[in-house]
Amino acid sequence: DGGKFATAGPDRAVRVWDTRTGQQSGRTLMPPTRVSSATFTPDGNWLSIATQDGRSTTHSLTPQPAAWVKEWAGVKIIEFSAQGQLLTYAPGQKTMEWRDPGTSKATSAGWTVADRGPVIGSALSADGGTVAAAFRTGKMQSLICLWNTATGAPLEPSITWTNVGALAFSPDGRTLAGLGGEDGSGSIQLWDVATRQPQSFL
């Protein structure tokens with residue numbers, strides 16, 4: 001609903017803010033390593049955090065239940081769908097699949113992803129129909145691949161990005177943004193999702 005947003009920086013601290021008051025909401029979370037991505041559940045009560053060491057954890061943003069739910073060993077959480085399902089990536093099996101956040105069990109057949117390197121950034125479109133993942137191919141080089149989440153079919157062509165960092169879709173799903181830099185302090189590149197062509201550089 002746009003009522004909260006989360007920030008993370010080189011100090012590893014993750015803070016949630018109230019967009020109406022500008023004040024921090026709740027306690028500061030301290031993951032073991034730097035954060036690569038974070039996503040809220042549709043109701044805003046939970047925050048899933050993926051760190052650069054490949055681990056993912058889910059935290060409650062309300063007093064109860066306990067602040068720590070589970071660690072998703074060997075699984076990178078990409079994002080929640082509007083229906084509350086989690087899209088995950090398992091680097092060991094090179095698979096993406098939808099999972100139930102309560103049981104961690106798959107809710108549909110997943111699909112295999114080509115071994116292109118470690119995933120350093122990912123994003124799910126607002127309608128849940130498209131997922132993008134950035135694979136590190138060099139020191140400051142990455143390849144961004146997109147898939148249809150209903151079929152697992154890749155959406156060609158892929159995008160060669162001369163940077164590494166986080167990804168995000170625009171609300172209408174037509175534009176993909178890449179925030180370059182290891183700590184998110186670099187430039188922003190925009191691409192047209194339909195053509196995968198660059199739009200602008202900020």
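Me: Buried means under 20% relative accessible area, exposed over 50%, and partly exposed in between (1.4 Å probe, protein chains only). How does Ser170 count, buried or exposed?

Reply: First, the source: this is a predicted model, where local features need pLDDT of at least 70, side-chain atom pairs count only at pLDDT 80 or more, and totals for chains, interfaces and linings use all residues. Residues are numbered from 1 along each chain as its sequence is written, and side-chain values use heavy atoms, without hydrogens and water. Now the case: Ser170 has 19% relative accessibility, so Ser170 counts as buried.

Me: Where is Ser170 placed?

Reply: Strands are DSSP runs of E, at least two residues, numbered from the N terminus. Ser170 sits in the loop between β15 (165-169) and β16 (175-180).

Me: Which backbone nitrogen lies 3.4 Å from a polar atom of the Ser170 side chain?

Reply: A polar contact is a pair of N or O atoms within 3.5 Å; within protein, one must be able to donate a hydrogen and the other to accept it, and residues adjacent in sequence count only if both atoms are side-chain atoms. Here the backbone nitrogen belongs to Arg174.

Me: How many aromatic pairs does a search of the whole structure find?

Reply: Rings of Phe, Tyr and Trp (its six-membered ring) pair if their centres lie within 6.5 Å; planes under 30 degrees apart are stacked, over 60 edge-to-face, the rest tilted. The search finds three pairs. Take Tyr89 and Phe135: the ring centres are 6.4 Å apart and the planes stand at 90°, so the pair is edge-to-face. This pair links distant parts of the chain, with Tyr89 in strand β8 (residues 86-90) and Phe135 in strand β12 (residues 130-138), 46 residues apart. Tyr89 is buried at 3% relative accessibility. Phe135 is buried at 0%.

Me: What are the values for the rings of Phe135 and Trp147?

Reply: Their centres are 6.3 Å apart and their planes meet at 75°, so this pair is edge-to-face. Trp147 lies in strand β13 (residues 141-148) and Phe135 in β12, so the pair ties together parts twelve residues apart in sequence. Trp147 is buried, as is Phe135.

Me: In what sense do β4 and β5 pair?

Reply: Two strands pair if DSSP finds at least two bridges between them. Strand β4 (residues 46-51) pairs with β5 in the antiparallel sense, over five bridges. Ile49 stands opposite Thr57 in β5. The two strands form a hairpin with four residues between them, and Gly54 in the turn has a positive phi of about 95°.

Me: How many residues of β5 are buried?

Reply: Five of the five residues of β5 (residues 56-60) are buried. Both faces are covered: Ser56, Thr58 and Ser60 on one side, Thr57 and His59 on the other.
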